[in-house]
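Reader: I would like to learn how to read salt bridges, strand pairs and surface patches in a model. Could you take me through them?

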Amino acid sequence: MKFRQKLAQFMYGRRGMDEFSRFLLIAVCVLVLLGSFLPGLLHSLVSLAAMAGLVYCYIRVFSRNIYKRQRENAWYLQRRNAVLAWFRSLKDRWQQRKDYRFFRCPSCHALLRVPKNKGKLLLTCRKCGNRFERKT
């Protein structure tokens, strides 16, 4: 019990593990596994990168600069959510491929969804108002 109290006292005022730290640990594990299959100098470079990632992860976990760590975590979450949204949109487009055609607006590159088998249609982009013709 005394160890728990000392650990809790040590971690007081520190951020601890967050999503970015977890990502860094997973990336370090991947680099270590990847480095074990590489020969010579490449192994050394990948191991050095893994060690640097691990040191940075521990610096983040034990840092008392909570504001800076929250900003880093928010930056990571913003990037991660953008990538996940892109994959989600690919999945949705794949599931709807039998009923709809997808087009990009030539001027603003917004994604437009149009029902299939309607012939030639004059499409109007909802984002920029550009009109263009496409065959569905």
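Author: Here is a short tour of those features, one at a time. This is a predicted model, so to speak: local features need pLDDT of at least 70, side-chain atom pairs count only at pLDDT 80 or more, and totals for chains, interfaces and linings use all residues. Residues are numbered from 1 along each chain as its sequence is written, and side-chain values use heavy atoms, with hydrogens and water left out.

Reader: How many salt bridges does the structure hold?

Author: A salt bridge is a side-chain nitrogen of Lys or Arg within 4 Å of a carboxyl oxygen of Asp or Glu. The structure holds four. In one of them, arginine 60 meets aspartate 18 at 3.3 Å, N to O. This pair links distant parts of the chain, 42 residues apart: arginine 60 is in helix H3, and aspartate 18 is in the loop between H1 and helix H2. Helices (H or I, at least four residues) and strands (E, at least two) are DSSP runs, numbered from the N terminus.

Reader: Are arginine 60 and aspartate 18 buried or exposed?

Author: Buried means under 20% relative accessible area, exposed over 50%, and partly exposed in between (1.4 Å probe, protein chains only). Both arginine 60 and aspartate 18 are buried.

Reader: What separates arginine 69 and glutamate 72 in helix H4?

Author: About one helical turn, because they are three residues apart in that helix. Their side chains meet in a salt bridge of 3.0 Å, N to O, and both residues are buried.

Reader: Which residue forms a salt bridge with lysine 120?

Author: Glutamate 133 does, with the closest N and O atoms 3.7 Å apart. Lysine 120 sits in strand E3 and glutamate 133 in strand E4, 13 residues apart. Salt bridges that share partners also join Asp18, Arg60, Arg69 and Glu72 into one network.

Reader: How many bridges join E3 to E4?

Author: Two strands pair if DSSP finds at least two bridges between them. Here five bridges join E3 (residues 120–124) to E4 (residues 131–135), and the strands run antiparallel. Leucine 121 stands opposite arginine 134. The two strands form a hairpin with six residues between them, and glycine 129 in the turn has a positive phi of about 85°.

Reader: Which residues make the nonpolar surface patch?

Author: Patches are made of residues with over 30% relative accessible area and no salt bridge; like charges are joined within 9 Å, nonpolar side chains (Val, Leu, Ile, Met, Phe, Trp, Tyr) within 5 Å. Accessible areas come from the Shrake-Rupley method with a 1.4 Å probe, and for residues only the protein chains shown count as cover. Phe3, Leu7, Phe10, Tyr58 and Phe62 make this patch of about 540 Å². H1 gives the largest share, three residues.
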